Amino acid sequence: MGKGLRTPEDVILQSRFTERTTALQNAGRYTFKVNSRASKHQIRAAVEKIFKVQVAGVNVMSVPGKTRRVRYRAGQTPSWKKAIVKLKPGFTIEY
């Protein structure tokens with residue numbers, strides 16, 4: 001896989017479920033939170049191996065952390081990487 005990314009479970013951290021991602025699932029697109037060091041090729045291989053589907057394309061984006069305030073102190077939530085995976089026609093992911 002790559003440095004520190006030995007298994008598909010190291011690449012795909014969790015599935016993302018929001019109102020928008022649920023609408024995307026109807027179009028065959030699934031959203032995942034992935035390791036920030038993972039490449040598109042590693043994400044494709046991990047999704048294909050974990051869910052036993054064929055991937056048509058992978059789009060990735062880095063989501064910056066947000067500034068949050070707790071009482072009088074400002075902090076920062078961590079940045080993370082999001083992948084939107086498009087499956088080939090006829091394939092779906094069942095959770």
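**View A. Surroundings of Ser 62 in the predicted model.** Apart from neighbours within four places in sequence, Ser 62 contacts Trp 80 and Lys 81 (contact: heavy atoms within 4.5 Å). Ser 62 belongs to strand S3; strands (E, at least two residues) and helices (H or I, at least four) are DSSP runs numbered from the N terminus. Because its relative accessibility is 63%, Ser 62 counts as exposed (exposed is over 50%, buried under 20%, partly exposed in between; 1.4 Å probe, protein chains only). The C-alpha atoms of Ser 62 and Ala 83 lie 8.8 Å apart, with a sequence separation of 21 residues.

The model is predicted: local features require pLDDT of at least 70 and side-chain atom pairs pLDDT 80 or more, while totals for chains, interfaces and linings use all residues. Residues are numbered from 1 along each chain as its sequence is written, and side-chain values use heavy atoms, without hydrogens and water.

View B. Gln 42, Ile 43, Ala 46 and Val 47 are the buried residues of H3. They cover an arc of only 130° around the axis, so they lie on the same side of H3 (arc: directions from the helix axis to the C-beta atoms). His 41 and Lys 49 are exposed on the face turned away from the buried side. Just after H3, Lys 52 adopts a positive phi of about 55°.

**View C. Packing around Ile 43.** The buried residues of H3 pack against helix H1 (8–11), strand S1 (12–15), S2, S3 and S6. Beyond neighbours within four places in sequence, the contacts of Ile 43 include Val 11, Val 34, Val 58 and Ala 83.
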